Amino acid sequence: MAHASAPSPQFPPAAGMEILFSQQQIAARVQEIGKQISDEYAGQSIVLIGVLKGAAIFLSDLARAITVDNTFDFVAVSSYGRARVSSGAVKLIKDIDNPIEGKHVILVEDILDTGLTLSYLRGLMLQHKPASLKIATCLDKPDRRLVPIEADYIGFKIPNAFVIGYGMDYAEVYRNIPDIRLFPESAAGH
C-alpha cells in the first residue's frame, strides 16, 4: 500500500551559499563579546549554559574568549524537531547537571528568533535562584520575535533569513560549516 510521504529535504552544497558572516568576522565578534563579559564580571566566576545543539560551537569559542573563571553546562530543549518552523511548544530534554544557585549565569544560544525557547529557559533558570542571569546569542532575528525578550550580548543582528553553519543546521546538516551562510529558500521548500 503506497502512501505519500513528505518530500525529503534537499541539501545543496554549502560552497554555493552566500556567506553572511565569515570565520574572521565571527572570531573577531566573539573576542569582543568575551572581552565585554570579562570586564563586566571581573574578579568573579561565571557559568555558561549552552542550548544544545546549535550553541555548542559558539559557546566553546566564547568560553575561550572570556578571561575570567568560567565553566559550562548544557540544556537541551525540543521545539523545532525536523521542521523549519517552531511549533511554539518547548520542552526540556536535558537539564543542567550542576546547581547554579548563587552563581552568575549566562544562557548561550545560537539564534534568538521567536524568543519562545529562551523565554522558557530563562524562567526555568530563574527558579534555580542564580545571583544573576544574562543571555548571549550569536544571532538575533528581532523580526521573528513573538515574546518580549532581548539578549544582553549579541553577535550579529540579522534579517528574517534561514542560516546554517557555525553550529546551526538544516535537518542536522551543515553544523560543521565554519562560517555562517544563507540557506537558499528554494531548497527549503519555499
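This is a predicted model: local features need pLDDT of at least 70, side-chain atom pairs count only at pLDDT 80 or more; totals for chains, interfaces and linings use all residues.
Strands here are DSSP runs of E at least two residues long, numbered from the N terminus. D140 has a relative accessible area of 0%, and with the cut-off for buried set at under 20%, it counts as buried. Setting aside neighbours within four places in sequence, the contacts of D140 take in L112, E150, I154, F156 and I158, along with R145 and K157.

The largest nonpolar core is made of 29 residues, and I37, L62, I106, L139 and I180 have the most contacts inside it. Two or more residues come from each of α1 (23-40), β2 (46-52), α2 (56-65), β5 (104-112), β6 (132-140) and β7 (153-157). Of these, α2 gives the most, with five residues. L62 shows how the pieces meet: beyond its neighbours within four places in sequence, L62 is in contact with V30, I33, G34, I37, V108 and A136. There is also a second, separate core of 19 residues, with V105, M125, I135 and A151 among its members. As a general matter, nonpolar side chains in soluble globular proteins tend to be buried together.

Now for a sheet. Three strands make up an open sheet in the order β1-β9-β8, paired antiparallel. β1 (19-21) and β8 (163-164) each have a single partner strand and stand at the edges, so one side of each has no neighbour in the sheet. Two bridges join β1 to β9 (residues 180-182), the two strands running antiparallel. Within that pairing, I19 stands opposite R181 of β9.

Aromatic rings also find each other, with eight aromatic pairs in the count. One of them is F162 with Y170: the ring centres lie 5.9 Å apart and the planes are at 85°, so this pair is edge-to-face. Both F162 and Y170 are buried. These two also belong to an aromatic cluster that they form with F11, Y174 and F183.

Charged pairs round out the picture, with 14 salt bridges in the structure. One of them joins K134 to E40, their closest N and O atoms being 3.1 Å apart. This pair links distant parts of the chain, as K134 belongs to strand β6 and E40 to helix α1, 94 residues apart. K134 is partly exposed at 25% relative accessibility, and E40 is partly exposed as well, at 38%. Another salt bridge brings together the side chains of D97 and K94, at 3.3 Å from N to O. Here D97 is exposed, with a relative accessible area of 57%, while K94 is partly exposed at 25%. Finally, K53, D169, E172 and R175 are linked in a salt-bridge network.

Methods:
Residues are numbered from 1 along each chain as its sequence is written. Side-chain values use heavy atoms; hydrogens and water are left out. Two strands pair if DSSP finds at least two bridges between them. Helices (H or I, at least four residues) and strands (E, at least two) are DSSP runs, numbered from the N terminus. A nonpolar core is a set of buried Ala, Val, Leu, Ile, Met, Phe, Trp, Tyr and Cys residues joined through side-chain atoms within 4.5 Å. Buried means under 20% relative accessible area, exposed over 50%, partly exposed in between (1.4 Å probe, protein chains only). Contact means heavy atoms within 4.5 Å. Rings of Phe, Tyr and Trp (its six-membered ring) pair if their centres lie within 6.5 Å; planes under 30 degrees apart count as stacked, over 60 as edge-to-face and the rest as tilted. A salt bridge is a side-chain nitrogen of Lys or Arg within 4 Å of a carboxyl oxygen of Asp or Glu.
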